[in-house]
Amino acid sequence: MKSLEYLKSISNPTKLRLISLLLNGELCVCELEEITLIKQVNISKNLISLKESGIVEVRREKQRGFYSLTNDFKSNSNLILHIKDLVSVEKILINDFKEYQKHEEVKDDNIYVCHAFRNEAKLW
C-alpha cells in the first residue's frame with residue numbers, strides 16, 4: 001500500500017521532477033531552482049509535501065536545507081526503476097538531468113555551487 005501513497009504523492013509533475021533529480025543525491029533548494037528554473041517558493045512548497053509523505057528528508061547546515069530521498073522511499077525498487085525509466089524518455093526530465101550534469105561539473109570537492117552559496121563565498 002505504501003507504493004500507492006507514494007504514487008499519489010508524486011503525481012504532480014513538479015514533484016516528479018524534484019524526485020528524479022534527488023535520485024542522483026542530495027541537493028539544496030537553490031540548486032533545484034537553478035537546475036529546473038522553477039521558482040524557489042514552488043520548490044519549497046512541493047518539498048514540504050514530499051517530506052510530509054515520507055519521500056524526502058532534510059539535513060540542515062546553517063540556514064540551508066539539503067534534501068534527499070528517504071531510505072524507505074528508495075527501498076521501493078520497482079517505483080525507483082520506473083522513475084529512472086521516465087528520466088530517459090520524458091523530455092522535461094531529460095532536460096533536467098542535462099542541467100543537473102552541467103551543475104555537477106562545476107562543483108569542487110562537493111562544495112555546493114548554487115548562486116546563494118557563491119554569493120556567500122564571496123563574503124569570506
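Modeller: A residue is buried under 20% relative accessible area, exposed over 50%, and partly exposed in between (1.4 Å probe, protein chains only). The model is predicted, so local features need pLDDT of at least 70 and side-chain atom pairs pLDDT 80 or more, while totals for chains, interfaces and linings use all residues. Residues are numbered from 1 along each chain as its sequence is written, and side-chain values use heavy atoms, without hydrogens and water.

Biologist: Why is glutamate 99 called partly exposed?

Modeller: Its relative accessible area is 31%, which lies between the limits of 20% and 50%, so glutamate 99 counts as partly exposed.

Biologist: What makes glutamate 99 and lysine 102 a salt bridge?

Modeller: The term requires a side-chain nitrogen of Lys or Arg within 4 Å of a carboxyl oxygen of Asp or Glu. Here the N to O value is 3.0 Å, so the pair qualifies. Both residues lie in helix α7, three residues apart; a helix is a DSSP run of H or I with at least four residues, a strand one of E with at least two, numbered from the N terminus.

Biologist: Why is glutamate 61 called partly exposed?

Modeller: Glutamate 61 has 41% relative accessibility, between 20% and 50%, and therefore falls in that class. Its salt-bridge partner is arginine 59, at 2.9 Å, N to O.

Biologist: How do you know that strands β2 and β3 pair?

Modeller: Pairing needs at least two bridges found by DSSP between two strands. Six bridges join β2 (residues 56-61) to β3 (residues 64-69), so the antiparallel strands pair.
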